[in-house]
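Good morning, everyone, and thank you for making the time.

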There are 2 protein chains.
Amino acid sequence: MALTMPVVFADRHDGHDPGGEVWIGVRTPATEVPERAERIRAALAAAGATIVPARPQPDAAVLAVHDRALLAYLASAWDDWVTAGYQEIQDRVVPYLFPHPDLLDGVAPGMPASTAARAGRHCYDTMTLIGPGTYAAARAAIDAALTAADLVLAGARAAYACCRPPGHHATRGGFGGSCYLNNAASAAARLRDALGGPVAVLDVDAHHGNGTQSIFYAEATVLTGSVHVDPGAGWFPHYLGFAGETGGGANRNLPLAPGSGDAEWMAAVADLAGWAKARGARGIVVALGVDAAEGDPESPLRVSERGYVAAGRTLGALDLPTVVVQEGGYDLQAIGRLVHATLAGIEEGRR
Amino acid sequence: MALTMPVVFADRHDGHDPGGEVWIGVRTPATEVPERAERIRAALAAAGATIVPARPQPDAAVLAVHDRALLAYLASAWDDWVTAGYQEIQDRVVPYLFPHPDLLDGVAPGMPASTAARAGRHCYDTMTLIGPGTYAAARAAIDAALTAADLVLAGARAAYACCRPPGHHATRGGFGGSCYLNNAASAAARLRDALGGPVAVLDVDAHHGNGTQSIFYAEATVLTGSVHVDPGAGWFPHYLGFAGETGGGANRNLPLAPGSGDAEWMAAVADLAGWAKARGARGIVVALGVDAAEGDPESPLRVSERGYVAAGRTLGALDLPTVVVQEGGYDLQAIGRLVHATLAGIEEGRR
């Protein structure tokens, strides 16, 4: 069956080649690569989807969910790196010093004078590198998410934004986990403002959506729920994602044991959907990572393609205005069909 | 003239080979190498100094200035790294994820379940690597500092501890900047407890003594003063070391412009000495980095050997019980004579 929801795409994503990650001091190959988005586009185009270009959005839309200091840093980081001459030593912006609470001991961190030291001011890991096209791509991913939100607000029952780089690990003032700006959060803020009532971000990526949680924590107008592999079992983002983080009822974390498959994961998705409905959500943003799939190199969950279809049906059955925003998913052979499976499930669920 | 003050040495320093630093994602050669301490020992032995072995001290002495969690982490970090199998990927403990304030957004950080993620729990940079002998060496450096303090409390007018690794960047709960445990702070705590009144740590290392400042910030019983290259000009530790950090009068920072030489630096040392005296210090700990010397690879200050002699005289003229603790200094050709010059200056200043 042909996909009816519009698919928003930002061509500028491919300017962002992370060039690898630095993990425990070792440069490893990147998994968040441009081909991810191209695979998704190809699969959805093959399914008959209409591809809509992302429409440029003003910075004010980004500033609804991010600090101006973060946006300004990301906008200038690469050029500053080149100007300071670091490019000859390191071909991406990589931090080495961080405003760690055990360094600051309560002192508010300023912006370091050194370009190399600045690299850690807003970044919380060494895996989220910045190259020449990173900011433009991250900014275009926000454009895509907001374009999808606008399509839904204009009457589409659902829209999908093929956001790359992903966004759910980006907080109001910080970035990490291969994310720079929070696409799902920007879409949620726009839906909330337009719908005049609570909306819910339901994050089914294999990793906790810490950035989205943090941006809206304890804010009853944007509920945030996430099903993910348990950080207490040693998974990113390690410090957050525990069930006890409830935000006074506005946040819901459902950590799963490594190895969990369809049964546990689908039950959690159903739980999140029921929770959003019970809390009166008038619209939802699905933060769609497909890295919970069995075989994905970045997670130990074991969800099947049928699981994604079923999750889509559950979310679609809410019959709410729905923006689907791409998050993770790193198995290039599978990413296209998993995204398609989920979107098809959402459309089936509505009938 | 022969050096009369005892020189405390801990042989176990040489088990700590940092094996390099990771700076902006690039492994660079270490400058905080075992040969530093051996050069100092040779120079002081040649000057007729009595070398005294560091005496083992109980953990309680460390816990006077550090959190138990930091000590426990450092004690087990290397073994945990090996047990988790990371040694085959990375031959030192290197962090990649940090409990950054922009990640946590106010959430208190727990200890991650993953050994790789734990590496950043207490460490604020990627330059301070942990190998098999690091903890034993850092612990022995504390022993050396406390042995020197005990010698002074037993009647020596001054004593020098050849501490390696250095310590002044280590805070109560965190480490970084090639430092793991704060030797000068431990000596200061012991002097304060025994002398029953204010003592002062005067830090003449080229870099701000942020750890020592932080441990005793706003604590009138241990005054902390530091002359160093201005972090506002782009120098480590980047976030701290500014003149405005006064601790309600208990802390004094004197940042110098890059390129500053004898005149500016000696005036600052005299300022710190006068400040400690005016505040009623009954004893001093000199945090002696000799990296402010012209030609040192780690700083842009340009102090001469005569400058170190003069600084020593100024500090010696205070005529207070004095523990000198080694901090930085990375020019292997110069480090021995610069330390000797300073200690000789202190002895001359007292006459």
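What we have here is a predicted model, and the predictor assigns the complex an ipTM of 0.97 together with a pTM of 0.97. For chain A, the average pLDDT is 97, and 100% of the residues reach a score of at least 70.

Let me move to the helix pair in chain A. Two packed helices are described by the angle between their axes and the distance between the axes. Here the helices are α1, residues 34-46 of chain A, and α11, residues 335-350 of chain A, whose axes come within 8 Å and cross at roughly 50°. Because of that angle, α1(A) counts as oblique to α11(A), and the crossing of the two is right-handed. Which residues meet where α1(A) and α11(A) come together? From α1(A) we have A:Arg36, A:Arg39, A:Ile40, A:Ala43 and A:Leu44, and these meet A:Ile335, A:Gly336, A:Arg337, A:Val339, A:His340 and A:Leu343 of α11(A).

Now to chain B, where B:Gln213 lies in helix α8, which spans residues 210-216. Is B:Gln213 buried or exposed? Its relative accessible area is 4%, which is under the 20% cut-off, and therefore B:Gln213 is classed as buried. Leaving aside residues up to four places away in sequence, B:Gln213 touches B:His208, B:Thr224, B:Leu240, B:Glu245, B:Asn251 and B:Asn253. With one of these, B:Asn251, the side chain of B:Gln213 also makes a polar contact of 2.9 Å, side chain to side chain.

Notes: Residues are numbered from 1 along each chain as its sequence is written. Chains are lettered from A and ligands numbered from 1 in the order in which they are written. This is a predicted model: local features need pLDDT of at least 70, side-chain atom pairs count only at pLDDT 80 or more; totals for chains, interfaces and linings use all residues. Side-chain values use heavy atoms; hydrogens and water are left out. pLDDT is the predictor's confidence in each residue, from 0 to 100. Helices (H or I, at least four residues) and strands (E, at least two) are DSSP runs, numbered from the N terminus. Buried means under 20% relative accessible area, exposed over 50%, partly exposed in between (1.4 Å probe, protein chains only). A polar contact is a pair of N or O atoms within 3.5 Å; within protein, one must be able to donate a hydrogen and the other to accept it, and residues adjacent in sequence count only if both atoms are side-chain atoms. Contact means heavy atoms within 4.5 Å. Axes are lines fitted to C-alpha atoms, for helices over the stretch in contact, and angles run from 0 to 180 degrees between N-to-C directions. Angles under 35 degrees count as roughly parallel, over 145 as roughly antiparallel, 65 to 115 as roughly perpendicular and the rest as oblique. A crossing is left-handed if the near helix is turned anticlockwise from the far one by less than a right angle, and right-handed if clockwise.
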